[in-house]
Amino acid sequence: QEWLEASGGGLVEAGGSLNVSCVISKSAYTTWAVGWFRQAPGLEREFVAAITRAGEMTHYADSVKGRFTISRDVAESTVYLRMDSLIPEDTAVYYCNLIFKWPETPRGPWGRGTQVTVSS
């Protein structure tokens, strides 16, 4: 059975950093690329970053390129999103999902996200 669980969000000041994590079921982790998405109030959910199954390739939305870093830990079946130089526009609920079609098409249903709030 495939499942993903995002965590690690919080409140941070503009210019600060935050790490969010996505723990994934083992079978899904070893099969699929994984991506992060976010949804701000009143807006549609948008792609943020993705990493291939083996971690050799990454892809970022232009809005976060150079500020966010996606990585994965095989031993922990976890994908991380390191967010630096945060700005208020990064405020959103962040979700992780498997990638159906590289690099930005999500695969499965949406699980619970984690709230990230950046204060100005």
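Residues are numbered from 1 along each chain as its sequence is written. Because the model is predicted, local features need pLDDT of at least 70 and side-chain atom pairs count only at pLDDT 80 or more, while totals for chains, interfaces and linings use all residues; side-chain values use heavy atoms, with hydrogens and water left out.

A search of the whole structure returns seven salt bridges, a salt bridge being a side-chain nitrogen of Lys or Arg within 4 Å of a carboxyl oxygen of Asp or Glu. Arg38 has a relative accessibility of 6% and counts as buried, whereas Glu46, with a relative accessible area of 34%, is partly exposed. Here, buried means under 20% relative accessible area, exposed over 50%, and partly exposed in between, using a 1.4 Å probe and protein chains only.

Arg38 also forms a salt bridge with Asp90, where the closest N and O atoms are 2.9 Å apart. This pair links distant parts of the chain: Arg38 lies in strand S4 (residues 33–39) and Asp90 in the loop between strand S8 (78–83) and strand S9 (92–101), 52 residues apart. Strands (E, at least two residues) and helices (H or I, at least four) are DSSP runs, numbered from the N terminus. Both Arg38 and Asp90 are buried.

Asp90 takes part in a further salt bridge, with the side chain of Arg67, at 2.7 Å from N to O. Distant parts of the chain are again linked, since Arg67 sits in the loop between strand S6 (58–60) and strand S7 (68–73), 23 residues from Asp90. Arg67 and Asp90 are both buried. Through shared partners, the salt bridges join Arg38, Glu46, Arg67 and Asp90 into one network.

Attention now turns to the sheet. Strands of a sheet pair through backbone hydrogen bonds, in either a parallel or an antiparallel manner. In this model, four strands form an open antiparallel sheet in the order S1-S3-S8-S7, two strands being paired if DSSP finds at least two bridges between them. Strand S1 (4–7) and S7 stand at the edges with a single partner strand each, so one side of each is left without a neighbour in the sheet. On average, neighbouring strands of this sheet are turned by 15 degrees against each other, direction ignored; the axes are lines fitted to C-alpha atoms, for helices over the stretch in contact, and angles run from 0 to 180 degrees between N-to-C directions. The antiparallel pairing of S7 and S8 extends over six bridges, and Arg72 stands opposite Val79 in S8.
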